[in-house]
Amino acid sequence: MATDTKRPKIDDENCVLDPLKHFLLWCDSVKLTLSDKVYLSKEGTVAEYGMLAKEDIEEGHILFSIPRETLLHQGTTKVKKVLEEGKKTLESASGWVPLLLGLLYEYTCSQSHWKPYLSLWPDFRTLDQPMFWSDEERDKLLKGTGIPEAVNTDLKKLQDEYNNIVLPFMKSHPDLWDPEKHNLELYKSLVAFVMAYSFQEPVEDEDEEEEKQPNPPMMVPMADMLNHVSKHNANLEYTPDCLRMVSVRHIEKGEEVFNTYGQMANWQLLHMYGFAEPFPTNGNDTADVQMSSVYKAAVQVTQSEADQRLLVDKWNMLCEMEIVGEKGVFIFGQSGSLTYSELYTTLKVLCMPVQDFEEFRENEGWEEDEEDDDDDEMEQALSFDGLTGLSAEWKRLLHTAAALTLDSYSEDVETDRRRLEDQGALAELSSRERRALHVRYGQKSIIQRLQQLTKSTS
């Protein structure tokens, strides 16, 4: 009977009727402390559940605190012993398999300790990452953004992981898992759940020379109720005994409490979490220029067969130096190039006179005058403020590459701009169309700026 006192018994029917109420009762029972200054709601939030301020909140206020034993991960699930024993067979590229097996068990177990928490997602229909969209929708709405390619990679890895690692393990433990119930469809939903709601504790850099593996993901009840914006007002802190959400600035009464998932571009937010920040509010937005587009731009200005052979040699040299790659990208943010070192070296090598390149190749990419490649100077040169000072040859390559990038989207930038500015038309778009529009236009506006700043004045 003592366990019933600690944890109120919750019948499944009421749990479906009022999952939030039962979740909050459960929070009390597991010593998760919630500040009196906040409350959870579906009303007045940007998406689904969210946290709102009941009154003004000062900076540094602890909004809630959750004991570490209440976190849901491979070390706290009821099947932790079996997962630990099978540790070697559960290794995968993602590192998520143990948590996902734990979730498969806990999500379908009526007696699960985390039932009141997991009942907040009765069927995962609120998850709407592009992995749940049809191929046609992804191609139509997200072409050029990089998301369709990322989703295809995810789905292939997910299926391979389930068939080659998860399924054999479940079959060897029929008392805990049933492949009929714990099928690929549920696994896919739980992968999306982990993508959208899990947290990874940062690795402590005690020894900078020794690169440590990232910590496995974990589910953090209450923390995953907070929505994200780049200009957030709360942050999750990790302590030895608990995790706590702390306000990082003054929050006014009625204001939503926002956590941050990190410096995420809109395409990353949509791909992983299923939402995007409305343009132009995401200060962390980025756009990619394919490295191959810069190469294609260089091909366009070759005059002779000798020039073409030289260009191939230059590109191969850059590949050998691992500066560029077939599927690599140069990333641009709101202020200019974020991969400025790689881009600077690429432009420099592609535009080198033949004699300079021969010397460069003989030295295997090393140069005697390294002062020319000062990190700060490279960053400044490839910032949007510095682009106009580049040589005509460098600007031409960037301008053409930007044009090729804009051509890769289904529609031109002006069409998307008109949609965004027409509030009536915007309101008529479906949720998916609207989110895709914010992703596309955010990227296109960055690339268009790159194109404009590198336009020849001659």
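Two strands pair if DSSP finds at least two bridges between them; strands (E, at least two residues) and helices (H or I, at least four) are DSSP runs numbered from the N terminus. The model is predicted: local features need pLDDT of at least 70, side-chain atom pairs count only at pLDDT 80 or more, and totals for chains, interfaces and linings use all residues. Residues are numbered from 1 along each chain as its sequence is written, and side-chain values use heavy atoms, without hydrogens and water.

**View 1. Strand β4 and its pairing partners β1 and β9.** Strand β1 (residues 33-34) pairs with β4 in the antiparallel sense over two bridges, Leu 34 being partnered by Phe 64 of β4. Strand β9 (residues 242-247) runs antiparallel to β4 and is joined to it by five bridges; Val 246 of β9 is the bridge partner of Ile 62.

**View 2. The salt bridge between Arg 68 and Glu 201.** The closest N and O atoms are 2.8 Å apart; a salt bridge requires a side-chain nitrogen of Lys or Arg within 4 Å of a carboxyl oxygen of Asp or Glu. Arg 68 lies in the loop between β4 and α4 (80-85) and Glu 201 in the loop between β5 (198-199) and β6 (218-219), so the pair ties together parts 133 residues apart in sequence.

**View 3. Salt bridges of Arg 419.** Arg 419 bonds to Glu 411 at 2.7 Å between the closest N and O atoms, and to Asp 416 at 2.9 Å, N to O. Asp 416 is buried, at 0% relative accessibility.

Conventions:
Buried < 20%, exposed > 50% of the residue type's maximum accessible area, 1.4 Å probe, protein only.
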